[in-house]
Amino acid sequence: GFRRYFGNKIKKIRNKTDILVNKEIDNIEFDRFIFVREGKDSSVVTRHWERTAKYLSMIKQYLDAQGVRFIMATYPYGHQVGERQWDKGRAYWAFEHGRIYDPSVPFAIVEDFAKKDGIKFINVYDALKARKDEPLYFISDGHCTKLGQEIAAESVYSSPIFRKELE
């Protein structure tokens, strides 16, 4: 509340950072990375993931009704790939410099959902991780560079799941 806000100001702690790293706060309004924060209260993550899963299920149902095939692909953020990926942006969003964060929990949640809903799933993490020392993400905004996009696209295109759908 009010006291914590001004206490942080006095201590020169960025309040947004305090909100982001507090594991108990349901801070989806402030933190677009809530799903990939290690140690976040699982009930908070689950509540927000269930909303996303509902919409993905609706998309799948709609596409099925239209006879359109649906493949879901997922990719990691830079802080999950390499120590120097997305270097400036990670500080703003309260991720430690030089640390690689484990993407296995959020990826497992998404992959399990895809299996249960009958959605074909491609994860491009391994392809990007294999090239972690190359500039795959822009340092400030976290989007993939041209190289990162090319690696992700090639990973999807060469996937047996995708190749089978092209037949």
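User: Where does Trp 86 lie?
Analyst: Trp 86 is in the loop between strand 1 (71–74) and helix 4 (87–92). Helices (H or I, at least four residues) and strands (E, at least two) are DSSP runs, numbered from the N terminus. This is a predicted model: local features need pLDDT of at least 70, side-chain atom pairs count only at pLDDT 80 or more, and totals for chains, interfaces and linings use all residues. Residues are numbered from 1 along each chain as its sequence is written, and side-chain values use heavy atoms, with hydrogens and water left out.

User: Trp 86, buried or exposed?
Analyst: Trp 86 counts as buried because its relative accessibility is 2%. Buried means under 20% relative accessible area, exposed over 50%, partly exposed in between (1.4 Å probe, protein chains only).

User: What about the phi of Trp 86?
Analyst: Trp 86 is not a glycine, yet its phi is positive, about 55 degrees. Most residues other than glycine have a negative phi. Ala 94 also has a positive phi, near 65 degrees, and lies in the loop between helix 4 and helix 5 (104–117).

User: Which residues is Trp 86 in contact with, leaving aside neighbours within four places in sequence?
Analyst: Among them are Phe 33, Gly 78, His 79, Trp 93, Phe 95 and Tyr 137. Contact means heavy atoms within 4.5 Å.

User: Changing topic, which element gives the most to the lining of the largest pocket?
Analyst: Helix 3 does, with five residues.
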